Every structure is written in C-alpha cells, then in structure tokens.
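Thanks for asking me to look this one over.

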Amino acid sequence: MARDFSVNILGLTKEVHPFEFQLGEDFFKKYGQEVVANGKLSTVVVLDKKETFIEADFKIEGNAFLICDRSLDEFDYPVSISRKIVFKYGEEPKEVSDEIIIITQDQVQLDLGQLMYEFIALHIPMKKLHPRFRDDENKEGLVYTSTDKDSEEKIDPRWEMLKKLK
C-alpha cells in the first residue's frame, strides 16, 4: 500500500510540528516517474503553524536513481534540497508564487508529497550523465581513441572542419 504524504493541519496547534517521510519507489509511482523513476530519500518537513499562515521547511537528502542519457546505465545522483513554503490563509486556494500558496481556513490536509516531488524534479539536471562521463563534457570536440596500439588518437573530422570555418 502506498504511503500517504499528506498531513492533517486542521487539528494542529499553533507551534512547530516535525514530520518525517521516506521516499522510495512507491512515492515516485504515486507522484510521477517522468523525471525520476526511483530513489531513496529521507525528508523532514517542519510545519510552524501561526494564526494566519503555516511555514513549512523541507529538507530532502538521499539519492535519486537516474538513467544516463548516454550509456543508459543506472546511477545514483546525490540530492540535498532545502526549501521553504508559506501556506497563507485566504478566500480561495491558489499558488501566488513559488514560495507562497493560499489555502482556505477549512482545508483539512496539505499534500506535501506533490511539493516534495516537484522539488526533487527541479533538482535533477536536464542532461543526466553517469559520473564517469562528467569530465568528457568539459573537453572540446569529440576524441575517439582506438584500442589498436599502433594507431594514434583520431580527432573527429567534423570538428576539424568546424575549426577551419571559424
């Protein structure tokens, strides 16, 4: 059974309330697997309830399991996220900005899971490269190396043509 990542706010007293969540395969199945299909992350959300708003501090740590765009190998991508959201009480629910969300006084729960998923998805780079390819990204041009001992490194001829055009 998938864990519920919502917290009941209707009965919360006006003080600090910590909540802990473990995010794994069930979490990503529930909220989306487009960006991250799986991972092993720990989350602490501290809700500080006030008269007119609730301040939520999110700390997400762990590893997302990503698929390399180049080799299709799975690799661990370290995740360390710290975000703050303010839930303000208002007339009708709406998202005012990335940090402020309006909720109504009679709202029973906050779905923290959706926010956690969005924070993780935004943290993942557009180009997912296995750590063994990261140094290659900083080099200019494409270099192919042969396994034959008698041959030298061969530079991609397209790169040579581009250099001549400059």
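1. I began with the largest nonpolar core, which has 40 residues; the members that touch the most others are Phe-27, Phe-58, Phe-87, Met-116 and Ile-120. Two or more residues of this core come from each of strand 2 (16-23), helix 1 (25-31), strand 3 (38-49), strand 4 (53-67), strand 5 (74-89), strand 7 (100-103) and helix 2 (112-123). Please keep in mind that this is a predicted model.

2. Met-116 deserves a look of its own. Setting aside residues up to four places away in sequence, Met-116 touches Phe-5, Phe-21, Leu-23, Phe-27, Thr-43, Val-45, Phe-58 and Ile-60. Two of these partners, Phe-27 and Phe-58, are also among the core members that touch the most others.

3. Now for the strand pairing. Strand 3 and strand 4 run antiparallel and are joined by 12 bridges, and the hairpin they form has 3 residues between them.

4. Ser-6 lies in strand 1 (residues 6-8), and its side chain makes a polar contact with the side chain of Asp-4 at 3.4 Å. Beyond its neighbours within four places in sequence, Ser-6 is in contact with Gln-109, Leu-110, Asp-111 and Leu-112. Of these, Leu-112 falls in helix 2 (112-123).

5. Finally, the overall picture. The protein has 3 helices and 10 strands, arranged along the sequence as β-β-α-β-β-β-β-β-β-α-β-β-α. Of its 166 residues, 33% count as buried. Among contacts between residues at least 6 apart in sequence, 56% join residues at least 24 apart.

6. For anyone thinking about the surface: the protein exposes about 11,200 Å². How much of that do carbon and sulfur atoms supply? Their part is 51%.

Methods. Residues are numbered from 1 along each chain as its sequence is written. This is a predicted model: local features need pLDDT of at least 70, side-chain atom pairs count only at pLDDT 80 or more; totals for chains, interfaces and linings use all residues. Side-chain values use heavy atoms; hydrogens and water are left out. A nonpolar core is a set of buried Ala, Val, Leu, Ile, Met, Phe, Trp, Tyr and Cys residues joined through side-chain atoms within 4.5 Å. Buried means under 20% relative accessible area, exposed over 50%, partly exposed in between (1.4 Å probe, protein chains only). Helices (H or I, at least four residues) and strands (E, at least two) are DSSP runs, numbered from the N terminus. Contact means heavy atoms within 4.5 Å. Accessible areas come from the Shrake-Rupley method with a 1.4 Å probe; for residues, only the protein chains shown count as cover. A polar contact is a pair of N or O atoms within 3.5 Å; within protein, one must be able to donate a hydrogen and the other to accept it, and residues adjacent in sequence count only if both atoms are side-chain atoms. Two strands pair if DSSP finds at least two bridges between them.
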